[in-house]
Amino acid sequence: MIRVRGAVTGDARRLASRLRGADLQEIRAVTREDPFDLLCQSIAWSNPCYTIVGEDAESLAIFGVVPDPCAEGVGRIWLLGSDDLVFRHSYIFLRHSRKWIEKLHERYPTLWNYVDARNEVHIRWLKWCGFTLLRRIEEYGVERRPFYEFERVAGVTPAPPRTVDG
């Protein structure tokens, strides 16, 4: 069984050393920051921010929304997680993901961010949650790698999945 509660800085310490390889790869592609420092910063900047906790009280993932300072009702959604979330708790995580996205939409009618084009698990999850891949950016972040910009607008039914490569 897993549960969701408000995130605290201690959660970042418990999760940073256990992040999924694809999440670490994405962090390195965007920034040179240490994963622990990035998690602490993300927790501090997000409103709201939550931790997904396993039955052993271990942090499985942290997610939140960073408010856009220039646009009311727009937020940059993010999630970083461990392999345990994907391999041991994927069914319950998937079952509740859409509900949590809707909860975040209560405060932010528009949710968006970027995802590493190599992160196939996140891309499938984003599409399953109703996000749309808007465009492919060929050179993003410090490593100048391909990323997709994605978005979900509350109350808008997403178009069927399309290829954004062509």
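The chat below takes up the cysteines and then the sheet.

Modeller: Before we start, this is a predicted model, in which local features need pLDDT of at least 70 and side-chain atom pairs count only at pLDDT 80 or more, while totals for chains, interfaces and linings use all residues. Residues are numbered from 1 along each chain as its sequence is written, and side-chain values use heavy atoms, with hydrogens and water left out.

Biologist: How many disulfides are there?

Modeller: The count is 0 disulfides, taking a disulfide as a pair of cysteine sulfur atoms within 2.5 Å. For C129, the nearest cysteine sulfur belongs to C49 and is 17 Å away.

Biologist: And is C129 buried or exposed?

Modeller: C129 counts as buried because its relative accessibility is 2%, where buried means under 20% relative accessible area, exposed over 50% and partly exposed in between, with a 1.4 Å probe and protein chains only. C70, at 77%, counts as exposed.

Biologist: Switching to the sheet, what is the strand order?

Modeller: The open, mixed sheet has 7 strands in the order β1-β2-β3-β4-β5-β7-β6; strands (E, at least two residues) and helices (H or I, at least four) are DSSP runs numbered from the N terminus, and two strands pair if DSSP finds at least two bridges between them.

Biologist: Which strands stand at the edges?

Modeller: β1 (3-6) and β6 (132-140) do, and each has a single partner strand, so one side of each is left without a neighbour in the sheet.

Biologist: How do β5 and β7 pair?

Modeller: β5 (residues 110-116) and β7 (residues 145-153) are antiparallel over 7 bridges, and N113 stands opposite F150 in β7.
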